[in-house]
Amino acid sequence: PAAERTIRDPVMANRSDRMPQLDGLRGLAALAVVFTHSGDPALAWALDLGVVGVKLFFVLSGFLITGILLEARRNADSGSRRYRGVLLSFYARRFLRIFPLYYLVLLACALVDMPGVRANLPWHVSYLTNFHIGHNGDWGASLSHFWTLAVEEQFYLLWPAFILFAPVRWLPMSIIAIILTGPVSRACLAVTTTNLVTSLTATTSCLDSLGLGALLAVLNKVERRPAPRLTRGLLLAGLAVSIGIAALRLSGVGRSQGIGWTAVVTLKDLGYSLIFTWLVSRAAEGLPGALGLLLAWRPLVYTGTISYGIYVYHEVLPYMWHSKVLPLPGEGTTRFLIVLVATYLVAAVSWAIYERPLNNLKDLFPYSGLAGNHRASCCTPLRPCESSS
C-alpha cells in the first residue's frame with residue numbers, strides 16, 4: 001500500500017557484503033565467554049565477562065539476522081521470490097549452519113557419558129536447555145552453555161514470520177514493545193522466584209538484547225541510517241544504566257535479596273545491551289582509530305568466523321581432556337590458556353573440514369530468485385556470519 005514505507009536497499013549495498021569489525025566483536029565475545037568458564041572466576045565476575053559476551057552475541061544476532069530477513073522481504077515484495085520460499089530458505093540455511101555441529105557434539109557427549117547429558121538429553125535435543133536450567137534454578141554440571149543456543153532457536157522460530165509478514169510501519173514500535181519485555185520479565189521472575197538463574201535464562205528475559213539489535217537493523221534498512229544523535233543517545237543511556245547498577249553492586253545493596261538485587265537483575269543486561277547496540281552500529285559502518293584496527297585485525301576476525309565452534313566446544317573439551325588424557329590445572333590463567341588453545345584448534349579444524357562444506361550448501365537455498373546470487377552477511381549470536389559460515 002502507498003501508506004507503507006518501502007524497505008530500501010541494504011545499508012552496505014555499495015560495499016563488501018562482509019563487515020569484518022562485526023566478526024571482530026564476535027571474536028571478543030567468544031574469548032570473554034571462554035575466560036568466564038575456564039579462567040580466574042574472581043576476575044571474570046568483577047568484569048562481568050560472561051554477561052558481556054552473551055549480551056554482545058545476542059545484540060549481534062538480532063541486528064544481522066533481522067537485516068537479512070528485511071532484505072529477503074524486499075526480494076519477496078519485488079516479486080522475485082514468494083514469501084513461503086523465503087521462509088523455507090531461512091530455515092534450510094539455519095539448519096545447515098546450526099544443527100550439524102550442535103547434534104554432532106551432543107551425540108559425542110552422550111556416547112562418552114558426559115555427566116548429566118544422557119539424563120537431560122530430551123531437553124538438549126529439543127533446544128529447551130534454558131527451560132530446564134530455569135526450572136531447576138541451577139546451571140548444572142554440563143552443557144549449561146547450551147542455554148543461549150536454545151534461547152536463539154526459540155526466538156528465531158517465530159521471528160522470521162514476524163519480520164516477513166508484519167506491516168512495515170508497525171515494525172519499529174512493535175520491536176520497542178518486545179525490547180521492554182526483557183527487563184519486565186527479569187524483574188517479575190526475580191520477584192516471584194528470587195532465583196538469579198531462573199530470571200536470566202527465560203527467553204523473554206533476553207528479548208531486550210535481541211530486540212535492540214533488531215531495532216537497529218530496522219532503522220538502518222527501513223527508515224534511515226541511525227543519526228549520530230541516536231547512536232550517542234544509546235551510548236549515554238547504556239552508560240547511565242551500567243553506572244547505576246555498578247553503584248548498587250559496589251555498595252553491597254545488589255547482593256541482597258531485596259529491591260537492590262531485583263534492580264540489578266532488571267537493569268544490568270539492558271545497560272550492556274544499549275552500549276553494545278551503539279558499538280554494533282558503529283562497527284557496521286566501520287569504526288576508526290585503534291579500536292577499529294583491533295576489530296579488523298585478521299586473527300580476531302578469524303576468531304569471530306569460528307566462534308560458533310569455539311562456543312560449542314569450549315565446555316566439552318575440558319571434560320574430554322581431563323577425563324581421558326590428563327587432569328587439567330585448577331581455575332586460573334594456565335587452565336584458560338590450555339582450554340583456549342585446544343578449543344581454538346578443534347574449532348578451526350571443525351570449521352575447515354565439517355562446518356564450511358555444509359555451510360556452502362546454503363547456496364542451494366537463496367533468498368532471491370537465482371541460486372548463488374545472494375551472499376548476505378548474516379549471523380546468529382554465538383555463531384559466524386552467513387557469508388562465512
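Of the 389 residues in the protein chain of this predicted model, 56% count as buried. The secondary structure of the chain consists of 17 helices and zero strands.

When neighbours within four places in sequence are left aside, the residues in contact with Gln21 are Arg282, Ala283, Gly286, Leu287, Gly292, Leu295 and Ala296. With Leu287 there is also a polar approach: a polar atom of the Gln21 side chain is 2.6 Å from the backbone nitrogen of Leu287.

Helix 1 also meets helix 17, which covers residues 333-360. Two packed helices are described by the distance between their axes and the angle between them. Here the axes come within 9 Å and cross at roughly 130°, which means that helix 1 is oblique to helix 17. The crossing of the two helices is right-handed. On the helix 1 side, the residues taking part are Leu31, Val34, Phe35 and Ser38, and they meet Arg335, Phe336, Val339 and Leu340 of helix 17. Sorted by class, this contact contains six nonpolar residues, one polar residue and one charged residue.

Notes:
Residues numbered from 1 in each chain as written. Predicted model: local features only at pLDDT ≥ 70, side-chain atom pairs only at ≥ 80, totals over all residues. Heavy atoms only, no water. Polar contact = N/O pair within 3.5 Å; in protein donor to acceptor, adjacent residues only side chain to side chain. Contact = heavy atoms within 4.5 Å. Axes fitted to C-alpha atoms, helices over the stretch in contact; angles between N-to-C directions. Helix = DSSP H or I, 4+ residues; strand = E, 2+ residues; numbered from the N terminus. Parallel < 35°, antiparallel > 145°, perpendicular 65-115°, else oblique. Left-handed = near helix turned anticlockwise from the far one by under 90°. Nonpolar A, V, L, I, M, F, W, Y, C, P; charged D, E, K, R; others polar. Buried < 20%, exposed > 50% of the residue type's maximum accessible area, 1.4 Å probe, protein only.
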